[in-house]
Structure formats: structure tokens, C-alpha cells
Amino acid sequence: MKLTRKILAVLAVALMAIVPAACEEKESDLGLDLQDPTTIYNGIRDTIYDLTAYTVFDDSLLTSGYSAAMIGNFTSPTYGPSEAIFYTLIGLPNDGGIDFNENFHIDSIILSYRIDRFYPASADTSNSYNLHFEIRQTSEQLMSDSAYYAFNSLESNGPVLYNASRTYSEKDTTLRFKLNDNAKQLFTRADDQAEFDEQVKGLRIKMLSGSDPSAVSINLAATSTKLTVHYRYGNDTSSYAEFSAGLLPKENKYVGHFNQFVHNYTSTPLNRFRTNPQDTIRNSQKLYLTPMGGSNIYINLSSFIETFHAQHPYAVIHYAELLLPLSSDAESDHPDMVYAYRTSSTGYSAPIADLLDADISFRGFDGRYNADKNYYRLRISRHLQQLLRAQKDYGTLLTLNSRRTSPLSTIVNSTRALGCSDPIRIAFVYTEIAQ
């Protein structure tokens, strides 16, 4: 039977009354804005501090096949210089292409990408960036049906198709590149997409040093993301054709593309990953969440699960949330959201049940930064119940949801065992079912 609002309010007050004084300020709103009222009983409220947490390298970030990408050359005050390089193919027009006969003449070629966001962002739309881009044809073939990761690259000794600086402002919505005459040799034959891919090989787009340190996220699904060829036959009137630089509507997939991410972690907290990506950062009061194939956070609850299950073998978890308080060293511009993945005995990871639960449509999972509390909050109710039921934990992996399209990073406090006064923790409500 569903509880009325009045009963819910009484229960909420009762729950708040049993909170230990030390946690009252931090967690007095536990679940009340997200909890399904039909699942609140005379629950017991508790907090898990007994967990293992450390920083791991994000060594296998897939970057091909997504609807967004990034181009950038910037320096983080914490993690040093980084580069986001974009590789892409071009898709033929939907009408099957152009008749590249002997009378075919190209007047101009314009490559454009819809801008999702500039980094660092500013509320002032007049804020401007001086950006120097280079576009070069790759000498190695980009394979449209292959998987590419953040560490992949292509040999790019082909001709330069664009090399120029331009000033962009926050109000600009499109990156626009007028390719030079070298690009015309890409359009000599196009019987089908496979043959055209062989002709193009690939384009490498990068932001050169000398630009204002920044990054641009681009939208590959937007209609303004395209390559436009203005052409004519002999002395005929000029016409144009739009090639795809992102989504291929007929195939309902994207042109072959991927991001390569390059970091220099020398003299930074992630320095050990330069020579040993399999290493971890342990026994630190700080946990690092960084994008672009940088670092993730690994959490393990084995000690808590063993103890709690022995004391409460028939406990039912009604609500649980993982709280990630930010370190005082975290930069002021915060990533949008943190995701959580459950890992298996083989190291395979998949989104936790709360993240996949269609009934809560991601609203219950949350995962977003709470400015008032200065932490990220992730709902993990089903996840924690599953771990207790299995009586085993192979680890939970935390990542940034925008790690492929944003250079923003954050630093989270570590565990209470390492002396953190505002540590990472799990607050939860449960009831004990009689045997």
C-alpha cells in the first residue's frame, strides 16, 4: 500500500532523528528527494567508511563511433599539457555522389563542425579564443569498421589541407575550415563509399601550439557538421554537394572517426602512469578523476560486505548513495557527472544496475555535482544489494561521463582510514527481515 505524504513526512523526521550528530549536516537529506515513498519503512540508517579506494589508469578508453569528439591543445594546472587530436573519414552525399568527369571543377571546399562547447568556458559570450588548426591527410588508412582507442594514432605524412589561425568567440556555433587546393585531389573518384575511403585515407585535425590553451567539443550528429564542395562542370553555373563529416543517415551510423589523447604527466600526481600504466596510486588522501584516457577511481567494499553480511544476513537495502566529497585542491570548473561500473572477476566492467534502471530514467542515479554540499552523489541502492547478495566484490569503477568530450577533471577526498576528515563514504538505509 502506498504511503501518504503525511506518513512520509513523519517517517522522514523519524529517520533524521536517529542520525548521529557528526553526520547530521552532511547527510540530513539522505534519499528524500530521490526515494520511492513505497520503499521507506522503519529503516536503520548507517554510513560505510570501511572501504578501499585508489586511483587507476584509464588504459582502454574507446573513442570511435561516438556522436561527439574533441579537438584541443591546453594545459591543466594539476595535470600538465594535453592534446586532443581528431581523425576522421568523409561520407559521400546521400544522392550517391558527384560525377567526377573531365569537366568537373572544384571552386572551394568547406569543412565545418557544430561546436558544443569551448573549454575553458566563460559566461561572457564575447570571450574570444585565438585558435590555430592544422588539417592533414593521413598516410595510413582509417578503417571505418575498426575500433580505435585513446592511445591509437595514424601516420599523417600526407599533404596539409588547412593551416591557419582564427579568432572564435563563445557565441560562435561552428568551426569552419576552408580547405586549400591540396584537398581537391581527394575528389577524383567516388564510385562507392569504400573506394572513397581509400582515396581520402583519413583526415587528422589538431590544434597547434600557439593557440590560446583550450579545447573544443564538436557534435558529429548535427546537420551543420558537414563538408561542402562547391563545384561546376565546364562553364556551367556553380553548384554544391554536401558530404557527411559525421552522421550517415542512410546507414544510421557515423563516418569512421576517433580521438587520440596525448598527455605529459611529468611532475604531476599521475606521473607514474607515464612509464607503468598498470600501476595504481594508493595510500593517498586524494583520488583523481581525469578525462581523455587519464585516470579513474577504483572502490572495493569486501571488508564491509563480509562484516555486514555476517551480522545482518537478511538485510534489505532500501536506499544507498555513494558520496564523493571534493578535495580542496579540485579545480573550480567541475565535470558534469560521474558514472559507476561494476567490475567482474575477469576485469570486465558494465554500468551498475542503478545506472541502467529504466524505471528511474537516470534521475535516481544522480551522479552530478552538488554545489551546496560540494560533492558528487551517486545512487547505488540496487548495486549495494547485489554485492551483499553475492557476498563478493570485484570492485566498482568510477569514471567521468564526459571523459571523451571534455578536458575537465576533479579531485576527490580519499578514505577516513587515510586521515580524511570529509572522506568518501556510502550512506544507506536498510531493514532486517526476520529469519
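## Helix H3 and its buried side

In helix H3 (residues 193-200), the buried residues are Phe-196, Asp-197, Gln-199 and Val-200. This is a predicted model, in which local features need pLDDT of at least 70, side-chain atom pairs count only at pLDDT 80 or more, and totals for chains, interfaces and linings use all residues. These four residues sit on the same side of H3 because they cover an arc of only 160 degrees around the axis, the arc being that of the directions from the helix axis to the C-beta atoms. On the other side of H3, you will find Ala-194 and Glu-198 exposed. Here buried means under 20% relative accessible area and exposed over 50% (1.4 Å probe, protein chains only).

Which strands do the buried residues of H3 pack against? They pack against strand S6 (128-137), strand S9 (203-207) and strand S12 (239-244). Helices (H or I, at least four residues) and strands (E, at least two) are DSSP runs, numbered from the N terminus.

At the N-terminal end, Asp-192 caps H3, with a side-chain oxygen 3.3 Å from the backbone nitrogen of Ala-194. After H3 comes Lys-201, which has a positive phi, near 70 degrees. Residues are numbered from 1 along each chain as its sequence is written, and side-chain values use heavy atoms, with hydrogens and water left out.

## The chain as a whole

Stepping back, the protein chain has six helices and 26 strands. Of its 435 residues, 52% count as buried. Among contacts (heavy atoms within 4.5 Å) between residues at least 6 apart in sequence, 81% join residues at least 24 apart.

Key
A polar contact is a pair of N or O atoms within 3.5 Å; within protein, one must be able to donate a hydrogen and the other to accept it, and residues adjacent in sequence count only if both atoms are side-chain atoms.
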